[in-house]
Amino acid sequence: MAVLRQDVYQNIKRLEMMYEYNPSMNSNLVEILKSEAREGNARKGSSCSKAFVWLTRTLDFTSSLLQTLAKDPDKNMEQVVEESYNITLKQWHGWISSAAFRVALKLVPESKTFINLLKTEEENCDTLKEKMQILVSLFVPFLEDIHCILRLYNLDKLKST
């Protein structure tokens, strides 16, 4: 999990650094994507475009996972994670990333443990389910807009290297 956390952190930092480099030119993510596409850097290893693609896919995975858990909080967590991975990330991963996922899957906590990490002490499972459903309902249109932008800049089919 530390590897994933570090990867997400590095992708966020890459976008922040690009913004800070020239805030007026890089005022939003679309401007950054547009600039990298114009310069031919969008598909290069350390591009902000690739960082944005992988952050989006991380949100896709998170949304899928929360949606599944909200429907059935007692479902086996390993199964929830694997289903979400298969739906959102598997097609974009090469064999190394897929193998790393298989190892990480063995470290997934039980559903009850995960649910308890998400909720406050005063909260019951029904309240948490409701909050997860609200979060997912907010995520979905946002992610649909992002995927339209990724398609516009031909970044939607980008695979890991």
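**Aromatic and helix packing**

Guide: Start with one residue of this predicted model. Y85 has a relative accessible area of 2%. The cut-off for buried is under 20%, so Y85 is buried.

Visitor: How many aromatic pairs does a search of the whole structure find, and which rings form the pair?

Guide: The search finds one aromatic pair. Its ring centres lie 3.7 Å apart, with the planes at 5°. Planes under 30 degrees apart count as stacked, so this is a stacked pair of Y85 and F101.

Visitor: Is F101 buried or exposed?

Guide: The relative accessibility of F101 is 11%. Buried means under 20%. F101 therefore counts as buried.

Visitor: Which helices does the pair link?

Guide: Y85 and F101 are 16 residues apart, in distant parts of the chain. Y85 belongs to residues 77-88, and F101 to residues 95-105. Those are helix α4 and helix α5.

Visitor: R57 lies over the face of which residues?

Guide: One ring centre is 4.8 Å from R57, that of W54. Another is at 4.1 Å, that of W92.

Visitor: How are α1 and α3 oriented to each other?

Guide: Helix α1 covers residues 2-21 and helix α3 residues 48-71. Their axes are 9 Å apart, at an angle of about 135°. Over 145 would count as roughly antiparallel, and 65 to 115 as roughly perpendicular. The two helices are therefore oblique.

Visitor: Which α3 residues meet α1?

Guide: α1 passes α3 in a left-handed crossing. From α1 come V8, N11, I12, R14, L15 and M18. They meet C48, A51, F52, W54, L55 and T58.

Technical notes
Residues numbered from 1 in each chain as written. Predicted model: local features only at pLDDT ≥ 70, side-chain atom pairs only at ≥ 80, totals over all residues. Heavy atoms only, no water. Phe/Tyr/Trp six-rings, centres within 6.5 Å; stacked < 30°, edge-to-face > 60°. Helix = DSSP H or I, 4+ residues; strand = E, 2+ residues; numbered from the N terminus. Buried < 20%, exposed > 50% of the residue type's maximum accessible area, 1.4 Å probe, protein only. Lys NZ or Arg CZ within 6 Å of the ring centre and 35° of its normal. Axes fitted to C-alpha atoms, helices over the stretch in contact; angles between N-to-C directions. Parallel < 35°, antiparallel > 145°, perpendicular 65-115°, else oblique. Left-handed = near helix turned anticlockwise from the far one by under 90°. Contact = heavy atoms within 4.5 Å.
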